[in-house]
Amino acid sequence: MPWVRGLVVVGLAAGLGLAGPVVVAGAGDRAGVGVAQDVPLRDLAAERGVRIGSAATVEELRDGEYAAVSAREFDMLTPGNDMKWDATEPARGVFSFERGDAVVEAARAAGQQVRGHTLVWHSQLPGWLTEGDFSAVELDGIMRHHIAEVAGHYRGEVYAWDVVNEPFNEDGSLRDTLWTRAFGVDYVATALRAAREADPGAKLYVNDYNVEGLNAKSDALYELARDLVAAGVPLDGVGLQGHLIVGAVPGGIRENIERFAALGLDVAITELDIRMGLPVTAEKLATQAEDYRAVVEACLAVSRCVSVTTWGFTDRYSWIPDHFPGEGAALLFDEDLRPKPAYDAVHQAFGGGGAPVEGCRVGYRVTNSWSTGFSGEVVVTNVSGRPVSGWILEWDFPSGQRIDHGWNAVFSQEGTAVRARDEGWNATIGVGGSVTVGFTARHAGSNEAPVSFRLNSAGCDG
Ligand code: G3I
């Protein structure tokens with residue numbers, strides 16, 4: 001697989017008793033760079049002062065190809081399940097960190113920060129807790145002990161914690177859970193204070209879904225955050241999960257991020273995925289690409305928006321098909337780990353040019369010529385097996401030709417090197433699809449045809 005580069009180092013998930021080793025790929029193994037298309041997302045994001053993360057489970061990290069892409073593209077890792085209550089305290093007072101430790105180890109080897117997820121939630125709780133019929137006093141002790149043990153165990157290893165997850169209903173009312181039944185909203189402050197005590201260096205977040213745009217639920221989160229800040233409770237940021245639907249990305253994301261930032265808080269997009277009804281079509285992929293671009297741009301527009309994390313990165317592994325039958329394909333890479341148009345769009349939003357297109361065919365012809373000049377066109381066909389969203393076509397003129405004027409692309413030329421970039425409206429080249437760019441140029445007597453072309457830095461045939 002050409003897209004998966006770099007040495008893969010196999011590390012043992014010590015003491016796991018699970019089916020196999022977790023594969024950890026070192027950050028130093030990531031491919032060298034130089035051309036904008038070949039630059040991993042994490043390098044582009046770093047240039048923009050943000051982190052780009054992904055969620056992964058121990059099982060997924062055992063897939064070597066997967067682990068290599070995770071290490072190459074992302075500089076932050078969220079355990080998708082392995083730090084949740086049912087994983088970390090399966091029996092009362094009995095703590096189990098092997099799974100979470102394996103994720104932390106993979107992140108360390110790849111030079112990635114860890115977002116801890118999650119200390120206090122109503123879901124994925126062990127049976128002893130949900131069925132225990134505890135008094136409020138007992139629950140208070142149980143929650144504090146859990147936070148002290150888990151956040152304490154990962155002290156110094158976790159950059160940020162989703163301390164409280166999903167406290168609200170869609171209408172902005174407080175969700176009815178064992179925590180709110182016992183303590184009302186006060187459990188949030190208690191949890192944040194306990195987390196600060198357990199790991200004073202970690203950034204502490206409240207995290208929720210359907211709070212990306214401006215709506216009743218995000219208003220409720222805003223009011224909670226405002227009250228916590230005013231009361232001096234240790235809250236450092238809010239997480240906007242971002243489980244979105246193709247073609248239905250809410251407006252107002254930037255404005256929403258801005259209002260949290262104005263409270264002095266960091267904001268993170270913590271679980272981005274944008275699902276579609278199956279089957280996948282080129283049109284849906286193109287819309288999905290624009291949707292991803294919009295979310296990343298909204299984050300980049302506000303300096304307190306510190307990171308974008310996708311909830312997994314490949315359609316090979318995703319929670320969507322299990323939870324929303326008939327839907328899926330929500331992530332940046334397809335099941336074969338090929339970058340999708342959404343990847344190109346995120347790459348471009350961070351200032352890159354999109355992933356290399358490993359498979360293109362080019363036809364070059366002179367359409368008219370006169371003594372000092374000529375007009376020409378280049379037809380480029382995408383035979384890479386994946387749709388492309390955003391492209392740069394490059395070639396060298398062998399006999400000093402100079403472009404005067406071009407169409408269907410934005411042309412630039414340095415010396416003999418010509419660069420033609422899509423004009424936006426023609427950014428998408430579907431599987432087997434073509435685009436034609438044209439130009440007029442001058443020459444000084446000889447007009448040899450270019451010998452090679454590159455599409456998004458990969459060589460083309462023809
Ligand atoms: O561990 C059991 C396993 O023993 C059993 O054989 C198997 C059979 O289905 O289920 C396994 O549990 C599954 C668990 O993931 C671990 O794989 C659950 O059924 C499944 O429901 C659970 O889904 C997780 C989901 O949270 C639960 O709410 C997803 O993997 C996880 O990606 C998802 O993540 C959440 C975030 O934490 C919070 N925000 C929403 C996001 C998406 O739902």
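**Ground rules.** I number residues from 1 along each chain as its sequence is written. The model is predicted, so local features need pLDDT of at least 70 and side-chain atom pairs pLDDT 80 or more, while totals for chains, interfaces and linings use all residues, and side-chain values use heavy atoms, without hydrogens and water.

**Ligand.** I looked up what surrounds the ligand and found 14 residues, counting a residue when one of its heavy atoms lies within 4 Å. The closest are Lys84, His117, Glu166, Glu271 and Trp311. I then checked polar contacts (pairs of N or O atoms within 3.5 Å). A side-chain N or O atom of Lys84 is 2.6 Å from a ligand oxygen. For His117, a polar side-chain atom is 2.7 Å from an oxygen of the ligand. Glu166 has a polar side-chain atom 2.8 Å from a ligand nitrogen. The protein covers 48% of the 780 Å² of accessible area that the ligand has on its own (Shrake-Rupley method, 1.4 Å probe).

**Helix α3.** I turned to residues 64–73, where 8 of the 10 residues are buried, so the helix is largely enclosed by the rest of the structure. Buried means under 20% relative accessible area (1.4 Å probe, protein chains only). Among the buried residues are Tyr66, Val69, Arg72 and Glu73. Asp63 caps the N-terminal end of α3, with a side-chain oxygen 3.2 Å from the backbone nitrogen of Glu65.

Helices (H or I, at least four residues) and strands (E, at least two) are DSSP runs.

How values were computed. A polar contact is a pair of N or O atoms within 3.5 Å; within protein, one must be able to donate a hydrogen and the other to accept it, and residues adjacent in sequence count only if both atoms are side-chain atoms. Buried means under 20% relative accessible area, exposed over 50%, partly exposed in between (1.4 Å probe, protein chains only).
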